[in-house]
Amino acid sequence: MIIGVPKEIKNNENRVGLTPAGVSSYKQAGHRVLVEMHAGMGSGFGDEDYLAAGAEIFEKAADVWSYADMICKVKEPLPDEYPYFRENQILFTYLHLAPEKELTKQLMDKKVVAIAYETIQTDDRALPLLMPMSEVAGRMSVQIGAQFLEKPHGGKGILLGGVPGVPPGKVVIVGGGIVGTNAAKMAIGLGADVTILDINANRLRELDDTFQGRLHTLMSNHYNLAEAVKHADLLIGAVLIPGARAPRLVTEEMVKSMSPGSVIVDVAIDQGGSIETVDRISTHSDPTYVKHGVVHYSVANMPGAVPRTSTIALSNVTLPYGLLLANKGYRAAISQHRALARGVNVINGHIVYEAVAKSLQLPYTPMDDVLSDMPL
């Protein structure tokens with residue numbers, strides 16, 4: 001199979017879909033790898049590193065897309081890349097289609113085999129390809145929030161850890177999954193006063209045990225959420241429903257109750273956002289805006305700011321699944337590996353991931369039905 005690695009074009013997205021080590025693995029398995037010139041520079045990998053690993057360097061993105069049977073990316077394609085789509089080409093990347101109707105329609109119209117990192121799910125409900133970026137984003141959310149709480153960045157001028165004789169800042173985390181847990185680790189490490197909310201009582205017990213009482217746990221309901229948000233210096237949205245649009249749990253009225261200069265970091269923005277006042281996607285070059293006196297940070301590719309760490313962590317987990325697709329072909333790979341099959345969002349013009357179809361109010365077709373109608 002011919003594997004293509006184009007340069008990411010999203011604002012300040014410095015990650016790359018494959019490391020030189022990954023190239024070497026594909027080459028050892030008998031595949032060709034085409035890498036766009038300078039694709040890895042933002043992550044500290046030069047063209048010479050890819051060449052040494054056995055890749056072929058192409059000057060133009062159009063040529064990488066044109067020749068490749070499978071495209072390995074990081075972020076969802078942008079409109080400038082839509083013309084490159086072609087029938088039966090495998091697109092293996094983060095897609096986050098729930099808020100992306102036009103991209104979804106383009107994938108359907110061109111009959112792309114669109115496999116989303118974020119919906120590959122094992123039988124124990126783990127999301128192995130989303131996990132490392134959730135870990136990065138969760139840890140970054142506190143680092144970023146602490147920065148924007150500083151007065152020169154529009155915040156109220158609070159040091160999250162406080163100092164002797166001065167109380168620490170209050171961090172409220174909505175969602176106790178991978179993002180929320182990693183945010184809590186960072187916030188506790190800084191000495192903040194941390195509260196985490198979740199709808200799962202068992203998960204709250206696990207968090208209480210993990211952190212040995214160093215954070216407050218609350219059942220997530222409207223009343224508890226409103227009270228916690230009101231007193232938050234830093235509010236972190238960390239809610240995920242795999243493949244679906246994130247639920248808007250924090251209302252505009254709750255945000256209005258926050259004191260001026262408080263900060264919101266909504267990690268769920270790439271799935272539509274979990275906070276009602278987060279009504280736009282910001283970028284690393286223009287990361288914040290103020291609404292009701294509260295600083296909002298809603299960058300959809302947070303890990304792109306630490307690309308060296310993120311690229312290596314991502315490639316570690318995507319490579320085994322990519323090799324399955326390359327070695328077996330997508331039909332055999334998804335028929336033999338249920339976790340990988342759950343990653344398929346669009347195939348042969350049909351949406352085969354129900355949560356995406358429901359979020360976009362488009363028709364859903366079970367994947368078995370689609371595959372049975374396709375020639376072998």
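Student: In β11, which residue is the bridge partner of isoleucine 236?

Tutor: Please bear in mind that this is a predicted model. As a general idea, strands of a sheet pair through backbone hydrogen bonds, either parallel or antiparallel. Here isoleucine 236 has valine 265 of β11 as its bridge partner. The strands concerned, β10 and β11 (residues 263-266), pair in the parallel sense over 4 bridges.

Student: In what order do the strands of the open sheet of 7 strands stand?

Tutor: The order is β9-β8-β7-β10-β11-β13-β12, and the pairing is mixed. At the edges stand β9 (216-219) and β12 (288-291); each has a single partner strand, so one side of each lacks a neighbour in the sheet. From one strand to the next, the twist averages 20°. Helix α5 packs on this sheet, where it touches β10, β11, β12 and β13 (294-297), and its direction makes about 150° with that of β10.

Student: Which residues of β13 are buried on one side and which on the other?

Tutor: The general idea is that in a regular strand the side chains alternate between the two faces of the sheet. In β13, Val294 and His296 lie on one side and Val295 and Tyr297 on the other; all are buried, and both faces of the strand are covered.

Student: In what sense does β13 pair with β11, and in what sense with β12?

Tutor: With β11 the pairing is parallel, over 3 bridges, and isoleucine 264 has histidine 296 of β13 as its bridge partner. With β12 the pairing is antiparallel, over 4 bridges, and threonine 288 stands opposite tyrosine 297 in β13.

Student: How many residues lie between the strands in the hairpin of β12 and β13, and which residue takes a positive phi?

Tutor: For background, most residues other than glycine have a negative phi, and most peptide bonds are trans. In this hairpin there are 2 residues between the strands, and histidine 292 takes the positive phi, near 55°. Histidine 292 is partly exposed, with a relative accessible area of 33%.

Student: Where does histidine 96 lie, and is histidine 96 buried or exposed?

Tutor: Histidine 96 is in the loop between β5 and α4 (101-109). Although not a glycine, histidine 96 has a positive phi of about 45°. Histidine 96 is buried, its relative accessible area being 5%, whereas histidine 292 is partly exposed at 33%.

Student: Let us turn to the helices. How many residues has α6, and what span does α6 reach?

Tutor: An α-helix has 3.6 residues a turn, so residues three or four places apart point the same way. Helix α6 (residues 178-190) has 13 residues and reaches 19 Å from its first C-alpha to its last, close to the 18 Å expected at 1.5 Å a residue. Among the buried residues of α6 are Val179, Ala183 and Ala187. The elements covering the buried residues of α6 include α5 (131-148), β7 (170-174), β8 (193-198), α7 (201-210) and β10 (234-237). Just after α6, glycine 191 takes a positive phi of about 90°.

Student: Within what distance do the axes of α5 and α6 come, and at what angle do they cross?

Tutor: Two packed helices are described by the angle between their axes and the distance between the axes. The axes of α5 and α6 come within 7 Å and cross at roughly 35°, and the crossing is right-handed. Residues of α5 including Met131, Gly138 and Val142 meet residues of α6 including Val179, Ala183 and Leu190. By class, this contact of α5 with α6 has 8 nonpolar, 5 polar and 3 charged residues.

Student: In what order do the strands of the open sheet of 8 strands stand?

Tutor: The order is β3-β2-β1-β4-β5-β6-β14-β15, with mixed pairing. At its edges are β3 (56-58) and β15 (350-351), each with a single partner strand, so one side of each is without a neighbour in the sheet. Strand β14 (residues 344-347) and β15 run antiparallel and are joined by 2 bridges; valine 346 has isoleucine 351 of β15 as its bridge partner. Helix α10 packs on the sheet, touching β1 (2-5), β4 (70-72), β5 (90-93) and β6 (113-116), and its direction makes about 170° with that of β5.

Student: Which residues does alanine 326 touch?

Tutor: Alanine 326 lies in α10 (residues 307-328) and is buried, with a relative accessible area of 8%. Leaving aside residues up to four places away in sequence, alanine 326 touches Met1, Ile3, Tyr26, His31 and Met70. The C-alpha atoms of alanine 326 and glycine 30 are separated by 9.4 Å, although these residues are 296 residues apart along the chain.

Conventions. Residues numbered from 1 in each chain as written. Predicted model: local features only at pLDDT ≥ 70, side-chain atom pairs only at ≥ 80, totals over all residues. Heavy atoms only, no water. Expected span 1.5 Å × (residues − 1). Buried < 20%, exposed > 50% of the residue type's maximum accessible area, 1.4 Å probe, protein only. Contact = heavy atoms within 4.5 Å. Axes fitted to C-alpha atoms, helices over the stretch in contact; angles between N-to-C directions. Left-handed = near helix turned anticlockwise from the far one by under 90°. Nonpolar A, V, L, I, M, F, W, Y, C, P; charged D, E, K, R; others polar. Pairing = 2+ DSSP bridges.
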